[in-house]
Amino acid sequence: MNGLAIEAKGLFKAFDGKTAVDGVDIAVPQGSIYGILGPNGAGKTTTLRMLLGIIDPDAGERSLLGHSEPLEAAGRVGYLPEERGLYPSMTARESIAFMGALRGLPLSIGRTRGAGLLRDNGLGDYVDKPIKSLSKGMAQTVQLFGTIVHKPGLIVLDEPFSGLDAINQGRLETLIREQAASGTTVIFSTHVIAHAERLCERVAIIAGGRIRFEGTVADARDRLRPQVRLRTRVADGGWRTALPAGTTRDDGIWQFELPSSGIEPLLKALIDGGAGIEELSIERPGLHDAFVAIAGEAAARQMQEQATR
Ligand SMILES: Nc1ncnc2c1ncn2[C@@H]1O[C@H](COP(=O)(O)OP(=O)(O)OP(=O)(O)O)[C@@H](O)[C@H]1O
């Protein structure tokens with residue numbers, strides 16, 4: 001292998017003549033946490049299904065844990081689909097063992113590990129309780145344990161945060177970090193930028209079936225210049241000519257991109273001109289700002305609407 005858990009080039013898929021995914025290139029380093037970020041309908045699920053070998057692309061190549069036929073790696077992969085579901089009458093422990101067995105783990109080992117996972121994560125009281133007696137969030141957590149019980153080398157999670165409350169989302173973030181720290185590669189899709197920003201080293205930004213960006217979160221953010229916010233004591237004066245083109249003023253705050261020459265020459269001009277500096281902040285743009293610049297306002301708005309639903 002070339003250090004990549006997943007590599008895909010030019011993946012293309014159409015359904016009934018309508019393009020769903022158009023030329024997706026992805027490189028997921030082993031042991032990393034990788035996010036596929038985009039609004040609903042962008043093509044995230046279709047991309048994950050192609051990477052896993054659940055559906056075949058119409059064109060393009062993919063390699064999963066070194067296998068060009070992804071299903072050959074199935075025993076070393078854990079997959080949490082977007083459509084969740086467990087058997088309501090099965091106990092939590094048995095559900096985890098059952099999911100492990102589907103990936104080749106002996107049931108007895110699955111039962112022991114399943115009980116351990118539940119106990120270690122504060123769900124010890126539910127080991128032998130049927131799924132139907134659990135809350136939706138707990139059942140989702142049980143399904144997640146079933147996804148990792150066979151200790152896969154690669155975990156693929158489709159919108160794992162949706163349907164979870166803030167506490168369980170935090171637990172899931174911890175679990176994802178623990179898995180990556182132990183060498184497991186994690187790839188997940190999301191329409192919530194904050195999750196990708198907190199967790200991922202690399203992301204693919206996808207909109208309308210196309211990859212708009214693929215690379216590190218830092219590189220995405222570095223596409224935009226840092227923003228300067230400045231409050232001057234004096235509202236007007238000759239010093240204003242020193243402010244860069246495109247400067248805006250809102251509620252007494254001047255706002256502009258950090259000039260490539262840095263902040264010092266500008267500050268000197270303002271101080272010498274008698275503007276008086278009352279407040280100054282230089283903020284590096286976040287992934288949200290980068291997303292807007294890369295995928296456009298419309299896609300960003302769509303994401304936000306979906307996230308607050
Ligand atoms: N089996 C299918 N048959 C027909 N169209 C499909 C199929 N699967 C996906 N599509 C279409 O492909 C496009 C991409 O869908 P996909 O589910 O991959 O997006 P997504 O980003 O995962 O969004 P969501 O989170 O809503 O599932 C959509 O227009 C969808 O309707």
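Reply: Let's start with a contact: A92, S95, I96, M99 and G100 in α2 meet V142, F145, G146 and T147 in α4. Two residues are in contact if their C-beta atoms, placed from the backbone, lie within 7 Å. Helices are DSSP runs of H or I with at least four residues, strands are E runs of at least two, and both are numbered from the N terminus. By type, the residues of this α2 with α4 contact are five nonpolar, four polar and no charged. Here Ala, Val, Leu, Ile, Met, Phe, Trp, Tyr, Cys and Pro count as nonpolar, Asp, Glu, Lys and Arg as charged, and the others, Gly among them, as polar.

Me: What kind of model is this, and how are residues numbered?

Reply: It's a predicted model, where local features need pLDDT of at least 70, side-chain atom pairs count only at pLDDT 80 or more, and totals for chains, interfaces and linings use all residues. Residues are numbered from 1 along each chain as its sequence is written.

Me: Is G215 buried, exposed or partly exposed, and why?

Reply: You count neighbours: 20 or more other C-beta atoms within 10 Å means buried, 12 or fewer exposed, and in between partly exposed, with C-beta atoms placed from the backbone. G215 is partly exposed because 15 other C-beta atoms lie within 10 Å. You'll find G215 in strand β9 (residues 210-216). Leaving out residues up to four places away in sequence, G215 touches R202 and A220.

Me: Which domains does the protein have?

Reply: Domain bounds come from an automatic or database domain assignment. That assignment gives domain 1 (4-221) and domain 2 (225-283). Their centres, taken over C-alpha atoms, are 46 Å apart.
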